[in-house]
Amino acid sequence: MPGGIDPHTHLEFEFMNTVTKDDFFSGQAAALAGGTTMHIDFAIPIDGSLTAGFKAYEKKAKKSCMDYGFHMAITKWDETVAREMELMVKEKGINSFKFFMAYKGALMIGDELLLQGLKKCKSLGALAMVHAENGDAVDEGKKKMIELGITGPEGHALSRPPVLEGEATARAIHLADFVNTPLYVVHVMSIDATEEIAKARTSGTTPLVCHAMLMSMMKQNGNATS
């Protein structure tokens, strides 16, 4: 039986004053024990610099014990980033770029940046990926939870109802269709988003790839998690 490939991991990921528990050795060792023999992690830019981010993740990955690859996140836009995207594709073997529509004040990008990124992905023959949630609305949801005193883990799901993922998924699909480039919607978490993807696939416009968070998809109410 061939080994599995995990296309979406965040090892040793520094985010909002936290760091994910597993590094490139412990996470990979656990994966190998379960039959996964290759994964694709996300290299996060440093102050918007793709080159600096890639070098940092190369250093983190020196302790690796299995095959791996990288997607690259895009967190800002200017001509330097556009040139670095080309460098990543032509010299570093990266051909997929992720755009976060959530995490306001950290990784979130707006529609203007997303459009520029989609256009650049198209010109490079690279695959555009989105974390699809309406970041502005989620930020308001977080404030509401705090005002209500709901600060436990349950507040996370309550702050981002399924409609916010559905809206962002539809928006990303329409923009990718406008640019005429394929789109990969990562960790689909709700019925709302699934319906938007199904509708787009039925229309036969933008080529779509998605992967589902199975645990969430089993919930009939479609509550979103992250």
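In this predicted model, K120 is found in helix 4, a helix that spans residues 111–124. With a relative accessibility of 18%, K120 counts as buried, because the cut-off for that class is under 20%. Once its neighbours within four places in sequence are set aside, K120 is in contact with W77, A82, M85 and E86.

Helix 4 also packs against helix 7, and the axes of these two helices come within 10 Å and cross at roughly 45°. Helix 4 and helix 7 are therefore oblique to each other, and the crossing in which helix 4 passes helix 7 is right-handed. On the side of helix 4, the contact is made by D111, L114, L115, L118, K119 and K122, while helix 7 contributes R171, L175, A176, F178 and V179. Sorted by class, the residues of this contact comprise 7 nonpolar and 4 charged ones, with no polar residue among them.

Helix 7, which covers residues 162–179, has a contact with helix 8, residues 191–203, as well, and here the axes come within 7 Å and cross at roughly 25°. Since angles under 35 degrees fall into that class, helix 7 is roughly parallel to helix 8. The crossing of helix 7 and helix 8 is right-handed. From helix 7, the residues P162, V163, E165, G166, T169, A170 and I173 meet D192, A193, E196, I197 and A200 of helix 8. By class, this contact of helix 7 with helix 8 is made up of 7 nonpolar, 2 polar and 3 charged residues.

| Helix pair | Axes come within | Crossing angle |
|---|---|---|
| Helix 4 and helix 7 | 10 Å | roughly 45° |
| Helix 7 and helix 8 | 7 Å | roughly 25° |

S96 counts as buried, because its relative accessibility is 5%. When residues up to four places away in sequence are not counted, S96 touches F70, H71, M72, L127 and M129. With one of these residues, H71, the contact is also polar, as the side chain of S96 makes a polar contact with the side chain of H71 at 2.6 Å. Although S96 and F42 are 54 residues apart along the chain, their C-alpha atoms are separated by 9.7 Å.

Key: Residues numbered from 1 in each chain as written. Predicted model: local features only at pLDDT ≥ 70, side-chain atom pairs only at ≥ 80, totals over all residues. Heavy atoms only, no water. Axes fitted to C-alpha atoms, helices over the stretch in contact; angles between N-to-C directions. Helix = DSSP H or I, 4+ residues; strand = E, 2+ residues; numbered from the N terminus. Parallel < 35°, antiparallel > 145°, perpendicular 65-115°, else oblique. Left-handed = near helix turned anticlockwise from the far one by under 90°. Contact = heavy atoms within 4.5 Å. Nonpolar A, V, L, I, M, F, W, Y, C, P; charged D, E, K, R; others polar. Buried < 20%, exposed > 50% of the residue type's maximum accessible area, 1.4 Å probe, protein only. Polar contact = N/O pair within 3.5 Å; in protein donor to acceptor, adjacent residues only side chain to side chain.
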